[in-house]
Structures are given as C-alpha cells and as structure tokens.
Amino acid sequence: MAKFNMAKTKVPMPEQDPKVRNKNFDEVSLGYTLEMAKEEASRCINCKNQPCVSGCPVGVQIPDFIQLILEDDLDKAYEKIAETNNLPAICGRVCPQENQCEGKCTRGIKDEPVGIGRLERFVADYRNNKKYNKPVEVTSQGKKVAVVGAGPSGLSAAADLSKLGYKVVLFDAFHTAGGVLMYGIPEFRLPKTLVQKELKNVIGLGVKLQTNTIVGRTLSLEDLFNQGFEAIYLSTGAGLPRFLNIPGENLNGVYSANEFLTRMNLMKAYKFPEYDTPVHIGRKVCVVGGGNVAMDAARSAKRMGADVTVVYRRSFDEMPARAEESHHAIEEEINFMNLSNPVEIIGENGWVKQVKLEKMKLGEADASGRRRPVPTGEYDIVDFDSVIISIGQSPNPLIKQTNSDISTEDWGGIIIDDTTMTTKDGVFAGGDAVSGAATVILAMGAGKKAAKNIDKYLKNK
C-alpha cells in the first residue's frame with residue numbers, strides 16, 4: 001500500500017498558455033501523465049464512509065478506482081468507473097466536481113479535495129486511446145424501448161437499458177448524436193472526437209441510433225408504440241433559449257447563446273470557410289449572463305478574434321459559472337462588466353451599434369441565496385457590434401405541443417411521478433426536459449434512474 005500523500009493542494013493540471021489558447025480551439029487542459037495521476041491518487045485517504053460516492057449523481061465507486069490507479073491497473077480502474085458511468089471521459093472534463101464528489105471529499109475540509117475529476121479523465125482517456133473492444137452480449141429481454149434525444153440523459157438511459165437486455169433505439173433530431181455535448185460545449189473544453197468515442201462505446205452495447213428524426217414531427221409517440229416499442233424515454237433537453245425582451249433584440253448581430261454555440265460547435269463556424277457556416281460577430285462582443293454557457297460563448301468569441309465583454313447584473317462573486325471557467329476567461333483576457341443590466345440594444349442600419357446598460361447594486365438575498373440586483377437609474381451606453389444572450393434555456397416545447405395527455409409545468413418542464421413516468425402510460429422522462437437546464441452528470445443520473453424504472457415497469461407489465 002502506497003503512503004498517503006498529505007500535500008495540501010492538487011497536482012496541477014498542465015494547460016495551454018492563456019495567450020496562446022485564446023487564439024485556438026484546442027483543448028485547454030492537457031491532462032495528467034501516469035506519474036501525476038499516481039501522485040494525486042495517493043492523496044486519497046480511502047475514507048470508510050466514502051462521502052465522495054454519495055456526492056456523485058451516478059454513484060461511481062471513487063475510492064475503488066483511485067486505488068486501482070495506485071496499483072497500475074488502469075483497465076480495471078476504467079471498468080470500475082464504467083460500472084455506473086457510461087461517459088467518464090466527458091464527466092471528467094465538464095462535471096462540476098467541486099459541488100459534487102470533490103465537494104464532499106474529506107481532504108477538502110482543511111485542504112484542496114482530491115482531484116477526482118482529473119483522475120477520472122486520466123483513466124477514461126487511457127482506455128479511449130486503446131483499441132475498442134465490443135462488450136460481451138447480454139441476454140435479450142425481447143422488448144423494445146425508444147429513447148428520444150441522444151444527449152447525456154438519453155445516452156445514459158440507452159446504455160443501461162441495453163445492458164439490461166432491451167432492444168434500444170436512440171432517436172435524435174440532429175444529424176449527429178450527442179446533444180449538448182456536441183452543440184453546446186466548445187471544442188476547447190470538450191473535444192468532439194472524444195464525444196464520438198464515448199458515443200461509440202454506447203452504440204457498441206447494441207444501441208441502434210436513428211438521427212434526423214424529430215419525434216413530434218417525423219414520428220409521433222403513438223407511431224413509436226405502433227412500431228412495437230413498449231416504453232419511451234423522453235430526454236429532449238432544454239433547447240429553447242430565453243431572451244431579455246428589451247428594445248432592439250431583433251437587430252442583426254443579436255444571438256441566443258444556443259444559436260451561437262450550435263453554429264460554432266456542431267456546425268464548426270470557427271473553421272469557416274472550410275465549413276460552410278458563417279458567424280458574424282464583429283470586433284466588440286457583449287455576452288449577457290454569468291453562467292457556464294455565457295463563459296463558453298465569451299471564450300469562443302474571443303477565439304474568433306473579438307474583444308469580448310461579459311455583462312452580468314450581479315457581482316462577480318454571485319456568478320453561477322464554475323470558478324474554473326470564469327478563472328480561465330479572465331486568464332484569456334475577457335472583460336467583465338458586473339452590476340450592469342442591458343435595457344436596450346441600439347442599432348444602425350439594422351445592425352447592433354451600442355448597448356444601453358443600467359447600473360445595478362446588490363440588495364437583500366433572494367430565493368437563490370444570492371443578493372438581488374437592484375436598479376439604480378444610472379446608465380452607460382457602450383459600443384458593441386454583436387450581443388450574445390445567455391440567460392438560460394427552457395425545455396423543448398414540441399412534445400407538449402403534440403401530446404395533450406403529457407402534462408408540463410407552467411415553465412415547460414415535463415411532469416413525472418416518483419417512477420419517472422409522465423402522465424402518459426409507458427412514457428418516461430428525465431434530464432433537462434424535466435428539471436430545466438442543469439449539468440451533464442445530473443442528466444445522466446436521471447437517465448440511469450429512468451432505466452431502472454423502465455425495467456421494473458416492463459417486467460411488471
């Protein structure tokens with residue numbers, strides 16, 4: 001047994017230099033070497049109560065896989081992770097570990113927690129760089145399940161259902177599966193070749209993928225039942241962007257973050273004209289919002305050569321983005337105008353020219369626990385060529401619009417019961433379609449839960 005490493009801080013992750021990376025779309029974080037991984041793994045003190053596991057939405061047996069790293073058995077370490085996590089290389093990069101597994105790490109009480117996400121990424125990358133081997137076939141249940149939406153939740157549900165022996169068909173509206181992993185998260189945070197490798201692992205379990213299929217348009221839910229599917233899982237995500245509803249929002253040069261990032265990531269606008277997807281942003285870009293999506297949009301625009309300013313109505317400390325993402329944005333020379341709220345977008349000849357910003361101050365805490373932004377009546381007018389609005393997304397409304405027997409919340413979330421079933425028998429739902437926009441790992445956790453409940457439902461049917 002290796003000695004515990006009682007270093008107070010994590011082994012640093014190698015990264016591209018900020019002044020280099022803000023001009024390219026290559027991955028920012030470069031990953032651990034084996035020596036770094038073992039050094040960081042030795043910081044785990046293997047607690048008896050394993051609080052980190054309780055913090056993981058998919059229940060990865062964290063101390064077990066870390067111990068296998070120390071034993072130089074990386075294949076078994078991967079298999080241990082893959083028992084409960086079907087997308088480990090993705091989760092190792094984009095999960096908010098600081099609020100989940102690492103947030104409960106005992107080492108984090110006095111020092112920095114163990115770098116669980118970095119270790120998960122290391123193990124998954126090691127395995128993905130090896131030749132792919134198709135998993136052993138499972139015993140067929142002889143029943144078909146349709147999964148609608150090939151994002152994190154749908155992929156997780158499809159993989160688990162296939163492991164349980166169901167014939168799973170995964171439907172997606174886009175030409176490429178992956179959902180937000182492909183269209184939302186930039187290449188420099190999550191390389192798309194890696195997403196496709198993880199997707200290949202899921203398909204290798206026997207899942208059939210059918211793209212370019214809009215359930216609710218191309219096929220109805222009744223069509224799926226008529227085709228012999230005995231249960232349906234809806235994981236259609238939260239792809240409906242919210243807007244500010246202020247004057248000038250319809251000017252040319254105003255984007256939702258959803259559209260901007262889809263153009264940049266899925267349609268590869270950053271490689272124009274090699275890829276035939278233009279994106280006009282001009283010299284000065286205003287990104288409205290303070291979450292991870294706002295950071296993704298701002299950092300993408302910066303890499304396109306723009307001078308980028310993030311405008312947020314609360315202070316920097318109240319921003320909901322991961323600390324790592326806002327820290328990287330600062331390193332990459334992105335500007336921040338906090339305590340500012342857009343009230344009008346001013347145009348010239350149909351294009352964005354300026355943004356009128358009201359200065360805010362912080363009042364009492366609201367329901368989110370953060371201090372509420374209060375208008376001051378003071379204004380600035382700032383020159384910008386384009387505006388990217390990143391203030392959240394709502395669930396895709398198509399399923400509700402085409403299925404009156406599926407109930408939704410006023411804000412659009414699909415209503416489910418304790419078994420994850422909707423108000424339509426045999427139709428289950430989870431992920432952002434139920435919760436609203438959340439994290440990749442929470443969506444995956446919802447997919448795993450739904451797979452268990454679908455299995456129970458079909459066995460009792």
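In the predicted model, the largest nonpolar core comprises 71 residues, of which I62, F65, I69, I90, L119 and L181 touch the most other members. The largest share of this core is contributed by helix 17 (residues 440-460), which supplies 9 residues. When residues up to four places away in sequence are not counted, I90 touches L181, L190, L194, V195, E198 and V440.

On the side of helix 4 the contact is made by D64, F65, L68 and I69, whereas helix 5 contributes L74, K76, A77, K80 and I81. Classified by residue type, the contact of helix 4 with helix 5 holds 6 nonpolar and 3 charged residues, with no polar residues.

The surroundings of P278 were considered separately. P278 is placed in the loop between helix 12 (257-265) and strand 7 (284-288), and its relative accessible area of 44% makes P278 partly exposed. With neighbours within four places in sequence left aside, P278 is in contact with R263 and F272. The C-alpha atom of P278 is separated by 42 Å from that of A365, the two residues being 87 residues apart along the chain.

How values were computed
Residues numbered from 1 in each chain as written. Predicted model: local features only at pLDDT ≥ 70, side-chain atom pairs only at ≥ 80, totals over all residues. Heavy atoms only, no water. Contact = heavy atoms within 4.5 Å. Helix = DSSP H or I, 4+ residues; strand = E, 2+ residues; numbered from the N terminus. Nonpolar A, V, L, I, M, F, W, Y, C, P; charged D, E, K, R; others polar. Core = buried A, V, L, I, M, F, W, Y, C linked by side-chain atoms within 4.5 Å. Buried < 20%, exposed > 50% of the residue type's maximum accessible area, 1.4 Å probe, protein only.
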